[in-house]
Structures are given as C-alpha cells and as structure tokens.
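Dear colleague,

I am passing on the structure we spoke about, and my notes on it follow below. Please read them beside the coordinates.

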Amino acid sequence: MSIQIFNSLTRQKETFVPLEEGKVKMYVCGPTVYNYIHIGNSRPVIVYDTVRRYFQFKGYDVKFVSNFTDVDDKIIKAANELGEEVHELTERFIAAYFEDVTALGCKKADVHPRVTEHMDDIIQFIQVLVDKGYAYESAGDVYYRTRKFNGYGKLSHQSVDDLKIGARIEAGEKKDDALDFALWKAVKPGEIYWESPWGKGRPGWHIECSVMAREHLGDTIDIHAGGQDLTFPHHENEIAQSEAHNDKTFARYWMHNGYINIDNEKMSKSLGNFILVNDIRKQIDPQILRFFMLSVHYRHPINFAKDLVDAAATGLERIRTAYNNVKHRLTATASLGDHSEEWLEKIAEQKADFEEAMDDDFNTANAISVLFELARIANIYLNETNTDEKVLLSFAETFEVLGDVLGIEFAKEEELLDEEIEALLQERVEARKNRDFARSDEIRDHLQAQGIILEDTRQGTRWKRG
Ligand SMILES: Nc1ncnc2c1ncn2[C@@H]1O[C@H](COP(=O)(O)OP(=O)(O)OP(=O)(O)O)[C@@H](O)[C@H]1O
Ligand SMILES: [Zn+2]
C-alpha cells in the first residue's frame, strides 16, 4: 500500500505521490540556536526523523533539509547578555543540539543550512519580491504586502479579513497594513548587520526558510514539516513568499506535530515549564524517551508525566527482553523445528501489519503495538522445545529492521550477564572435550561479537569485556 499523509493544507489524509518517482524532498523548520532544546522541541526532530526513516525503508531516496536560525532577536539578546559574539553563541548551541538529538537516535539531515550562510540568496529573493510588487521598503525595513497574495490563509484556514481583526502594528514598525510582515529589518544600534540594497540590516525569520528550502530542494518540495505552532504565521508566510517568488506550489504536503504538554500546558521556554533534553537524557535512557514519544501518534498531544515515561520504559524492556532471548537462543541452537514455515509466516504478518500502521499517516503508536505482538509471538516460540535457527534469525532480523525504522535499538549495551558468559564458557569447555571445535569456535566468535575477549590459559579460559 502507499503512504497516506494527513496534509494540513487540505485537512485530510492523502496518498503520497512524489514529485519525482522514488524521491522525497523534505524540509523541516529547525531550531533558533540560543539555548539548549527542551523535550517539546525534540518532538518534531524525532517525529520527522522517523518519517524520513520510513520513507527510506520503503525504498525512497530522501533529501532531508533542516535549517538553523543562527541570527534573530532572541539570539542577539542572549549574546549581549552573555557578552559573547553571536557566532560563538550559535556554534555552542548547534554543537549541543547535535549532541542531544544524536542521543535521541536522530540522524543528521543531508543539509543543515544556516541563515548567515545564505545572506546573498536572501537579499536576492527579497529583491525579486520587491520587483514583483509583493514587498516594499519602508525606512530601511522591507515588508511583505500580505493582501497582494491570493490565497493568504489557505494553510491555517483563515480569511484575510478574519486575520485583520487580531492584527496590530507594533511600536517601531513602519508598515502599510497590520497584516504585512517583515522580510528585512533595519539594524538597531549595537546589533549585528549585513549590507543590503535597503541599507544595513538582517532578515526576518520567515524569509529564511523560503530561501533555504529553494536553494537546497528547488521551487517545489514534497513535504514541509514542523510543530503545529508554526502553521501560522510562519508557514503561511513561507507559502506567501515562495509562491509569489517562484510562481509555483511551494510544498505539496504540510505536516504538523502536536505538542508535548506538562500538566496539560504546552511545554515552552516562555512559560518556563520545560525540561531540557541535555538534563533528562542523563537520567533516563534517551531510547526510552524516543520510544515514549513514538508511542503516541505524532498529531496528538503528549502529556509528559513520570508514570507514562515509566510505562514506556517497561514496554521497551519487554520488547528488548524478547529480542535478547531470541539472540541468546541463537547461540545455543541449530536444531531444526518442524513448523518453521508457519512461524515465518507469522513473522511476515507482523511485518505487514507494521507497514500498514506506518502507511497510515505514520501511526507509530500502532506500529509499536505490532512490536509488542511480535515480542509476544517470539516468547511463545521460545517455549517450543525445538527452535529453528531460520525462524530465530527471522525474529531477530524483524525486530532489528522495524526497530531501525523507529530509531530504536533493542540490543542492550551489556547484553550478556556475567552468568551467561560463564555458562557459555562452560559449554565451550564441554565442546572442546568432545572435540566439537565448530561449536567451540562459534561460542568464541559470539562472545567476541559482544565485545568479550577470551584468553586461554593453562588454568582455563579467562574473559574480560573489551
Ligand atoms: N511543547 C512542544 N511540543 C512540541 N513541539 C514543540 C513544543 N514547543 C516547541 N515545539 C517546536 O519546537 C520548535 C522550536 O520552537 P520554539 O523555539 O518556538 O520553542 P518554544 O519553547 O515554544 O519557545 P518559545 O516559548 O520561546 O516560543 C518548533 O518546531 C516548535 O513547533
Ligand atoms: Zn521555517
């Protein structure tokens, strides 16, 4: 079956049809780097990393771009407060970002463009909008003429007249209409700036994504994604800028993830109710955090509560134990069971169910239920007297492949307990006594693969963890 995506633009699930056969061009709005990310901020990173992994699993060639906003008001304020250069501050938090999201099992994007590296492209883009009459300069600022763009409000499903009611012109803004938004901001004293046709200044936030998406993915992209709070005004403004500039559809599918709440309120920096990934990943296995997040559909809210995280930990442990028992049995078995076809079919059914769940708008909650079912079946199989290597390998491989789609590893770091190692060594002694060198070597290789180093001495075999 093909992948269905809930498209915020049409507010319905649609069959994913790529622009170019077999390829996915995807842009995810990235962080403003002036602070460590909190768990709420990490949700879009985990969610869209999983979406990307699933497309790759389905055989698509994915180009994944996610930007860093490395100059803006909040960054300038933070740098001033800390007495640091803007680029020093942003380098520090970009490095911290990579550490945090890597710990959470997220792969790097193919490109992580930065605003400061695209200043010429941004200026040229704005110039085109000015030339086309979609933007105007006003005392060193440049504003987008929102009413000129037909279709403004189509993503957030609001009419321009509704929006007008809530719009205000802030002090210091010199725009013609309250709905207009800044593309370029004139420099204020003491701020970092770039030269432009409109004088010294720096870009507004929305323009950067339009420019960087176009530079790295082209005029039209397949999927544009971000947190649900970005729908309006950020993504609405991106559409207005890009479609006015390119005269083409900007993004075909818009995906938005729900919030992580704490006591049923959005976790956010401004509310101060946040937990930093950098802190919590030292207390809770980050794989548990990822598993916890994926156990809820990406469009639903998640309440971050200790008992729910504990439940996720128990659930993950259940799957890991089944996987480890399968792996363990593989070291001890080579006997042929009688019912391998039947079991192989059962495993294949779980794989198909997993795909069905993920095809349905990346329903990771249901996909995880399938992993629980796979674990349940594996446990039943392990109770059989004769286990077949082929079936065990298929169980192990299915856990690994499906786990990889979710970015979850089931192998434990220290998979073998000391007693298990001792038992295997004892078995190796017996095997050697019986001149079963094949088995003896097999045990040595298996232990080595787990990082256990054996040393045969006159007194017997010693081992240590490598
Ligand atoms: N609680 C949350 N749950 C899910 N996604 C979130 C949450 N908070 C922020 N995001 C997402 O994280 C990214 C960065 O957002 P942002 O920097 O605005 O964070 P914030 O904590 O909401 O900050 P502020 O309170 O200053 O607005 C965006 O994609 C946003 O949608
Ligand atoms: Zn963006």
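T15 lies in strand β2 (residues 12–15), where strands (E, at least two residues) and helices (H or I, at least four) are DSSP runs numbered from the N terminus. At 37% relative accessibility T15 counts as partly exposed, that is, between buried (under 20% relative accessible area) and exposed (over 50%), with a 1.4 Å probe and protein chains only. Leaving aside neighbours within four places in sequence, T15 is in contact (heavy atoms within 4.5 Å) with S2, I3, Q4 and Y253. The C-alpha atoms of T15 and D359 are separated by 9.4 Å, although these residues are 344 apart along the chain.

This is a predicted model, in which local features need pLDDT of at least 70 and side-chain atom pairs count only at pLDDT 80 or more, while totals for chains, interfaces and linings use all residues. Residues are numbered from 1 along each chain as its sequence is written, chains are lettered from A and ligands numbered from 1 in the order in which they are written, and side-chain values use heavy atoms, with hydrogens and water left out.

The chain averages a pLDDT (the predictor's confidence in each residue, from 0 to 100) of 93, and 97% of the residues score at least 70. For the complex, the predictor gives an ipTM of 0.96 and a pTM of 0.88.

Strands β14 (residues 452–457) and β15 (residues 460–465) pair (at least two DSSP bridges between them) in the antiparallel sense over six bridges. D456 has T461 of β15 as its bridge partner, and a hairpin of two residues joins β14 to β15.

Best regards
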